[in-house]
Amino acid sequence: MSIKAIVTDIEGTTSAVSFVFDVLFPYAAKHLPDFVRQNAERADVAEQLDAVRRDSNAPQADVERVVEILLSWIEEDRKATPLKALQGMVWAQGYHAGQLKGHVYPDAVEALQRWHAAGYQLFVYSSGSIQAQKLIFGCSEAGDLTPLFSGYFDTTSGPKREAQSYTNIQQAIGVAPEEILFLSDIVEELDAAQAAGLQTCGLAREGGELGNHITVDTFTGIEPEAF
Ligand SMILES: CSCCC(=O)C(=O)COP(=O)(O)O
Ligand SMILES: [Mg+2]
């Protein structure tokens with residue numbers, strides 16, 4: 001069975017962990033409080049603030065308390081859907097103001113372009129919101145890479161360490177599980193994708209092996225036709 005679709009993680013896979021931890025998360029921590037205060041009545045923001053109240057079991061929390069909760073979630077790298085949605089909105093301002101440029105490894109850019117030209121369907125699956133995914137690739141140091149992608153999946157498809165999430169994504173893509181190659185730097189994500197029947201390839205940019213998964217150190221080492 002040959003690969004028809006490739007689904008890639010972002011942080012640690014197409015893009016440096018340091019870009020997310022040293023640039024994106026501090027940017028969100030700095031700008032999110034005022035963004036939330038100034039936009040708390042906006043319908044899309046209010047919806048996420050209510051989700052924070054629900055998820056943290058604090059139904060009466062005022063805006064300042066919700067900001068505190070969000071900052072603690074950034075600190076602990078919580079992959080909570082409402083935090084990710086709000087981070088995406090804050091980062092949008094930074095990208096559009098030219099303060100942020102998405103980091104994508106040159107080897108990932110080259111391989112994604114080559115695979116797209118060869119007819120593979122390319123997708124993203126990240127804990128970052130779909131808005132944030134489109135921004136990192138759309139406003140990247142290598143230019144607008146969004147034309148390469150056929151679709152985007154975030155935590156609304158489920159947590160990245162659960163097999164069911166990959167079944168949800170496989171059904172949305174509409175090809176057999178074994179025709180999908182999933183790329184990630186996290187062994188628990190690769191295990192979950194494998195349990196759902198997907199092919200897997202680990203990215204270990206500092207070297208080493210990721211569990212029982214074929215592991216490479218750059219995208220240049222990935223040969224979709226070999227799976
Ligand atoms: C979409 S860029 C921001 C990445 C992010 O917020 C994050 O939590 C990273 O998650 P990933 O699933 O890409 O490791
Ligand atoms: Mg990752």
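Select Ile173 to begin: leaving out residues up to four places away in sequence, its contacts (heavy atoms within 4.5 Å) are Ala5, Val7, Phe123, Phe153 and Ile180. This is a predicted model, in which local features need pLDDT of at least 70 and side-chain atom pairs count only at pLDDT 80 or more, while totals for chains, interfaces and linings use all residues; side-chain values use heavy atoms, without hydrogens and water. Residues are numbered from 1 along each chain as its sequence is written, and chains are lettered from A and ligands numbered from 1 in the order in which they are written.

**Stop 1: helix α7**

Ile173 has its place in helix α7. Helices here are DSSP runs of H or I with at least four residues, strands are runs of E with at least two, and both are numbered from the N terminus. Is Ile173 buried or exposed? Ile173 is buried, with a relative accessible area of 12%. Buried means under 20% relative accessible area, exposed over 50%, and partly exposed in between, with a 1.4 Å probe and protein chains only.

Now select residues 163–173, which form α7. The buried residues of this helix are Ser165, Tyr166, Thr167, Ile169, Gln170 and Ile173. Show the strands as well: β1, β2 (121–125), β3 (151–153) and β4 are included in what covers those buried residues, as is helix α8. An α-helix has 3.6 residues a turn, so residues three or four places apart point the same way. Just after α7, click on Gly174, which takes a positive phi of about 85 degrees.

**Stop 2: Gly138**

Draw a line from Ile173 to Gly138: the two are 35 residues apart in sequence, and their C-alpha atoms are 21 Å apart in space. Gly138 belongs to helix α6 (residues 130–138) and is partly exposed, with a relative accessible area of 21%. Beyond residues up to four places away in sequence, Gly138 touches Gly143, Asp144, Leu145 and Thr146.

**Stop 3: Gln48**

Next, select Gln48 in helix α2 (residues 43–55). Gln48 is buried, at 15% relative accessible area. Which residues does Gln48 touch, not counting residues up to four places away in sequence? They are Thr81, Pro82, Ala85, Leu86 and Met89.

**Stop 4: the magnesium ion**

Select ligand 2, the magnesium ion, which is coordinated by Asp9 (OD), Glu11 (O) and Asp185 (OD) at 2.1 to 2.3 Å. Donors are N, O and S atoms within 2.8 Å of the metal (3.2 Å for Na, K and Ca); water is not among the atoms, so sites may look incomplete. The donor residues have the sequence spacing D-x1-E-x173-D. Asp9 sits in the loop between β1 (5–8) and α1 (17–39), and Asp185 in the loop between β4 (180–184) and α8 (187–195), so the pair ties together parts 176 residues apart in sequence. Both Asp9 and Asp185 are buried.

**Last stop: the whole chain**

Zoom out. The protein chain has eight helices and six strands, and from the N terminus on they run β-α-α-α-α-α-β-α-β-α-β-α-β-β. Along its principal axes, the C-alpha trace spans about 55 × 35 × 30 Å. Of the 227 residues, 53% count as buried. Among contacts between residues at least 6 apart in sequence, 64% join residues at least 24 apart.
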